[in-house]
Amino acid sequence: MIKLEQVTKKYGATVAVNGLSLEVNEGEVCVLIGPSGCGKTTTLRMINRLIEPTSGRILVNGKDTSQVKPEQLRRSIGYAIQSVGLFPHLTVATNIATVPELLHWDKTRIARRVEELLTLVGLSPAEYAGKYPSQLSGGEAQRIGVARALAADPPILLMDEPFGAVDPLTRERLQAQFVAIQQELKKTVILVTHDLDEAIRLADLIAIMAAGKLVQYDTPETTLSRPASKFVHDFVGSDRALKRLSRISVESFIKSAPTVTINASIKQAEAAIGSRRSAWVVDDKGQLLGWIDRTDLSQVSSISEGMVTLESKDIALWQNATLREALSRMLGQGFKSIPVVDEDTKLIGEVTLGDVEAATAEAEE
Amino acid sequence: MMVRQWVTGNSVAVTGSCLGLLSLPFGWLTLKASRLTAGTSLRLWDAFSWGVAAAIIVLWLLCLALSLAERDKRHAITIGITANAILILTFIFAGPAANRLTATGAEFARVSLSAGVWVTVAAVYMLVFAARQSLPDYRVWQNLISWTGLAAVVILLFTGWLNNISVVQEFLGRESRFQQELVKHIFLFGGSVIAGTIIGIPLGIWAARNRRAERPIFYFANITQTIPSLALFGLLIAPLSALSFAFPVLREFGIRGVGAAPALIALIIYSLLPIVRNTFVGLRQLDPAVIDAGLGMGMSRPQVFRRLEVPLAAPLVLEGVRTASVQAVGLTAVAALIGAGGLGWFVFQGLGQAAPDLIILGAIPIIVLALFVDAVMRTIVRVSTPKGLATGTS
Ligand SMILES: Nc1ncnc2c1ncn2[C@@H]1O[C@H](COP(=O)(O)OP(=O)(O)OP(=O)(O)O)[C@@H](O)[C@H]1O
Ligand SMILES: [Mg+2]
C-alpha cells in the first residue's frame, strides 16, 4: 500500500532522512519511533508531499507519488498533525468537514458524516458540533483532529503524535479507542510517537529510526525479544517483559468476581463470598460501590455498614485496558485483584495478580 | 473591607465631575459688540437663569456622588445619562440666551460660547468615556450614552435653535463653503485610506511571505512615519511642481506642487505603515500548524489563503485600516496648509484672522468626524472577527 524506496531528505548539510526503505501493507499499523530529530515527521510529510524528497521514490497503491498532484494525493490521505492545528475560526463540525467540502460532497452527506465521526471518537454530536476549538480541552481537540483526518474515509492515515499533548489517563483512553476504531475501519496507518508503550500497544509493525535511518522494522514481539542492535536494545530498555504486557488486553483474563448487591442480606452475602476472602459490592444497577471482607460480615447488621467504599474511576479498569495497566494498578493499590468495568461503569468481573504473573512469565520466554 | 472601599468608585468619572463643577465660575457666554471687539463675559447664572444654573449644579453633584459610589451597571448608566442631560440642557438654554442677548445688544452684536461651555463639554465626555468603560458588555447602553447628547446638539443646530451663536453665524455665512470643504475633507481622507489599503495590504502580504522584502518595506514605512506631516507635505511640493512643469498635461489632472495631489500622496504614505504593519503581523502571527493542517488536508495555496489566512488575519488588518483612517482625518486638516482644502481651511483662516469662532467651526467637525469614523471602523472590525476568535468564547 505504501512503499518508500531509498528515500533521502537533506537540508543543506543536515541529512534529515537517510536512504530509508519501508513498506506498509494494507490494513496495517506501522509506528515510527525514535529519538527527537531522527526524521519521523520528515518521513511522514514526504509521503503526502508536504516535503519533497531529495532522492528516492515513494509509492502509494503502486503509484509514484511524484506523478500525482499534491492536493489530490493529500485529499486521499488523512493527516493528523503533531500540534493538532484545528482551524480556530471554524466550528468543530466545519473543521471535520474540511476534506468532504474540498471534495464537494453534498450538505446532507457531510452533516451525516460529521455526526458519525463525532460519535466514533466518543464525543456527543449535539454538544460538540457547534463548539469552537478554543472551547475544547487538549484531549477533545486531538480527537477532533483525528476525526477530521478520517472525514473523507481515506484508506491511508498519517498521524504525527496524535495523542502527544494529553495527560496519561486521557492518552490511555484515546489509545484504547484507537485500537477499537482500527479494528473496525482497518485503515493503513503510519503513526509517529515518542512513547514506546504506545508503539507496542498500537503497532502491527514498529519502525525504529535513528539519525534518519531505519534501524529495525519488526513486529512488537520480535522487536522486544530480539533487538537487532545495541541501540535498539538500549532503546527498548530492560523491562521488556513488562512492556510486552502492553500488547495484551485484560479482556481475556476477566474472571467472574464474587459480587453482592448493597441491599442483600448478610446471609446472601456469606453465600456469595463462599470461602473467598472478600467480595465486591455493587448497587442495584450493577455499578461498583466498594468491597467487603468475609471476616467483617459476622460483626455487622447490613452490607453498607461493613463495606469499604471505593471511587470506581480510581480503582476499576476499563475492559479495553492492558495487562500492564492492571499490574501497575495492583502494585499501586496493593490489591491482589482489580475490578473491571464496562463503558457504563458496570462491574463485569475482576483480574487477579496470579493471572497477570502467569502472563508475564509466558511473555518472558 | 478597607480594600473594597477603595475599589468602588470610578476615578475618571470623579475627575470628570470635578471638572464639570469647576466650569461654573468661568464665563459661559461672551457678548461682543462686533466680531472684532473685546466682549463682556457672562457667568452661568447671568447667561441662563438661576433656576437653570441650580439644575446644572445639582446634576453635577449627582454625577460626583454616583462616581464616588459607583459599584454596578446601574450607577454607570445613570452617570452616562446625567452627563448627556447636562450637555443637552446647556445647549437648549444657550440658544434662547443668545437670542435674548443679541436682541438687546447693538446691531452687529455677537454671542459666543466661552470657557465654561467648553469645559462642560470636555467634562461631559470624560463621564461618557468613564461610563462606557464600566459597561463593556452593554453595547446598546454604550452607544446611547455616547451618541445621544451629540445627536441632540446636531438636531438643535439643524432646527436653527442655536442660530444666534457666533460659531453658527460663521457657519451660516459660509454654508456652501463649509459643505464644499467637508466633502473635500472626506474625499481626501477617504481616498487616501482606500488607496493606502489597496497598496498596503499587498505590501504587508509580500513582507510576511518574503523575508528579504520585509526589511526594506518596513524601513520605508517607518521612516515616513517619523517625518513631521507638514515637512512631508512640503517635501512633495518641489518634485510635483517640477513634474507638472515638465509635463504640463499633468496639470489637467490637478497634479501641481500645491493642492490635492501632494496632499493625497502624503496622506497615502502615512496610511501605509499601520496597514502594512497589521497585515504583516496578522499573517505572521498565524499558528503555522493551522496552515500546515490546511495544506495537509489537500487545500491548494489559494484555498489556504482564502479559507484560512484571510478570515484569520482580517480583524488585525481592519484594525490597521481603522488606525490609518482616524489618523488620516486629523492629518487631512494639516493638508489645508498646502492648499488642499478640507476642514483645516477654516482652522488656518481662523488662526490668521484671530477669529476663534472660525477655528472652532473647523475643529469641532474634524473631531466629530474622527470619532464617527472610529466608531464605524470599530463596528466593522467587530463584525468581521470570526466568532471562534472573539474574546469571551472560551
Ligand atoms: N525545514 C527544515 N530546515 C532544516 N532542517 C530541518 C527542517 N525540518 C527538519 N529539519 C531537521 O531534520 C531533522 C529531522 O526533523 P524531524 O522534524 O523529522 O524530526 P522528528 O523525528 O519528527 O523529531 P520530533 O520527535 O522532535 O518531532 C532534525 O534534525 C531537524 O532539525
Ligand atoms: Mg516530529
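## Domains and a ligand site

Domain 1 and domain 2 of chain A bury about 510 Å² between them, with 47% of that area on carbon and sulfur atoms; buried area here is the accessible area (1.4 Å probe) that two parts lose on being put together, summed over both. Within that total, A:Glu172, A:Arg173 and A:Arg201 supply 60% of what domain 1 of chain A buries against domain 2 of chain A, more than any other three residues. Please keep in mind that this is a predicted model, in which local features need pLDDT of at least 70 and side-chain atom pairs count only at pLDDT 80 or more, while totals for chains, interfaces and linings use all residues. Residues are numbered from 1 along each chain as its sequence is written, chains are lettered from A and ligands numbered from 1 in the order in which they are written, and side-chain values use heavy atoms, with hydrogens and water left out.

**Chain A domains**
- Chain A splits into domain 1 (2–237) and domain 2 (250–364), with bounds taken from an automatic or database domain assignment.
- The C-alpha centres of these two chain A domains are 38 Å apart.
- Five residues of domain 1 of chain A are in contact with six residues of domain 2 of chain A, where contact means heavy atoms within 4.5 Å.

**Chain B domains**
- In chain B, domain 1 covers 2–166 and domain 2 covers 175–393.
- Between the C-alpha centres of the two chain B domains there are 34 Å.
- Eight residues of domain 1 of chain B touch eleven residues of domain 2 of chain B.
- About 720 Å² is buried between the chain B domains, and carbon and sulfur atoms give 62% of it.

**Around ligand 1**
- The residues around ligand 1 (a heavy atom within 4 Å) include A:Tyr11, A:Ala16, A:Thr41, A:Glu161 and A:His194.
- This shell divides into three nonpolar, seven polar and two charged residues, with Tyr and Cys counted as nonpolar and Gly as polar.
- Helix H1 (residues 40–47) of chain A gives the most to the shell, with three residues; helices are DSSP runs (H or I, at least four residues) numbered from the N terminus.

**Polar contacts of ligand 1**
- A polar side-chain atom of A:Lys40 lies 2.8 Å from an oxygen atom of ligand 1, the cut-off for a polar contact being a pair of N or O atoms within 3.5 Å.
- An N or O atom in the side chain of A:Gln82 is 3.2 Å from a ligand 1 oxygen atom.
- A:Cys38 takes part through a backbone N or O atom, 3.3 Å from an oxygen atom of ligand 1.
- Taken alone, ligand 1 exposes 640 Å², and the protein buries 61% of that, using Shrake-Rupley areas with a 1.4 Å probe.

Methods:
A polar contact is a pair of N or O atoms within 3.5 Å; within protein, one must be able to donate a hydrogen and the other to accept it, and residues adjacent in sequence count only if both atoms are side-chain atoms. Helices (H or I, at least four residues) and strands (E, at least two) are DSSP runs, numbered from the N terminus.
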